[in-house]
Amino acid sequence: MRLLLLGGTTEASELARRLAVRAEIAATLSLAGRTKSPAVSPLPARTGGFGGIAGLSAYLRENRIDALIDATHPFAAQISAHAVAAAAAAGVPLAVLTRPPWPPQAGDDWREVADAAEAARALGETPRRVLLTVGRLGAGPFAAAPQHHYVLRAIDAPDDPPPGAEIVLARPPFALDDEIALMRAHSIEIVVSKNAGGQATRAKIDAARALGLPVVMIRRPPLVAQTVLHDIDAALDWIAAQGAAP
Ligand code: NAP
């Protein structure tokens, strides 16, 4: 069977590794091309947008794709919405592979907000030292709250960081001790995070709890797809079921 895997996440890379050894599945990994040096793909890969819903549905048809897995980041809402519409248009079954969001735990001090603009407002008027972990492309709205000192941690340098921001380049996974050390070294008073879920970046949340720091937590955009899977084995079972379908 022929499978298209929309990636750009730890889960997609893990699924790609598991698919690479399955001779009966011809899978292609699709990346947006945002990360400047992406990890080497164990599968044949393609890079760059498809050109909207029409482009993705044409790709599905032209490449005779039998099943589509959307394993993009939970905050990559546009490609996920495109996947739903394009899969329906091309008559291709679709499943989303995503990690569950982090639930708040005892000792957490979270202020949940809808998006980055609300997160910037939630930091308040008083200048604070902020660890900003919203990705290279998510920092724009914080320019509207320039009274804060931002330590912006991202995989690649942001094009347009808030004025005066300190940039820390690092690639997940992150360890708890390192996150605590980073927050102490920069005298961080508050953390801004997306509720990404998963293990690779959750240590910052545990570190904030350990240090008694508040977290402005950006909620996930809603999921549109019908079939939502939370682990790699479930995704492999779903793929096998599509291959077995008449
Ligand atoms: P997005 O806003 O949902 O998508 C914007 C456009 O980028 C899409 O319409 C599509 O272009 C293209 N695109 C996105 N993912 C693609 C993929 N896997 N393969 C081919 N084209 C793709 O996405 P985003 O938030 O910019 O995220 C881009 C990539 O970074 C995704 O692969 C995502 O998994 C990864 N990522 C995102 C975040 C985050 O916080 N958003 C965090 C970590 C990793 P066309 O319309 O032209 O097809």
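This is a predicted model: local features need pLDDT of at least 70, side-chain atom pairs count only at pLDDT 80 or more; totals for chains, interfaces and linings use all residues.
## Around the ligand and across the sheet

Let's start with a pair of strands: strand 7 (residues 129-133) runs parallel to strand 8 (residues 149-154), and the two pair over 4 bridges. Strands here are DSSP runs of E with at least two residues, helices are runs of H or I with at least four, and both are numbered from the N terminus. Two strands pair if DSSP finds at least two bridges between them.

Residues are numbered from 1 along each chain as its sequence is written, and side-chain values use heavy atoms, with hydrogens and water left out.

Now for the ligand. It is surrounded by 22 residues, and the closest are Gly7, Ser30, Phe50, Gln78 and Lys194. To count as near, a residue needs a heavy atom within 4 Å of the molecule.

| Protein atom | Ligand atom | Distance |
|---|---|---|
| Gly7, polar backbone atom | oxygen | 2.7 Å |
| His73, polar backbone atom | oxygen | 2.8 Å |
| Gln78, polar side-chain atom | oxygen | 2.8 Å |

On its own the ligand has 810 Å² of accessible area, and the protein covers 78% of that; the areas come from the Shrake-Rupley method with a 1.4 Å probe. Strand 2 (26-31) and helix 3 (77-90) are the elements that give two or more residues to the shell, and helix 3 gives the most, with 4 residues. By class, the shell holds 7 nonpolar, 12 polar and 3 charged residues; Asp, Glu, Lys and Arg count as charged, and Gly is among the polar ones.

One last stop is Asp206, which sits in helix 6 (residues 203-211). Its side chain makes a polar contact of 2.7 Å with that of Arg202 and another of 3.1 Å with that of Arg209. Asp206 and Gly107 are 99 residues apart in sequence, yet their C-alpha atoms are 9.7 Å apart in space.

How values were computed. A polar contact is a pair of N or O atoms within 3.5 Å; within protein, one must be able to donate a hydrogen and the other to accept it, and residues adjacent in sequence count only if both atoms are side-chain atoms.
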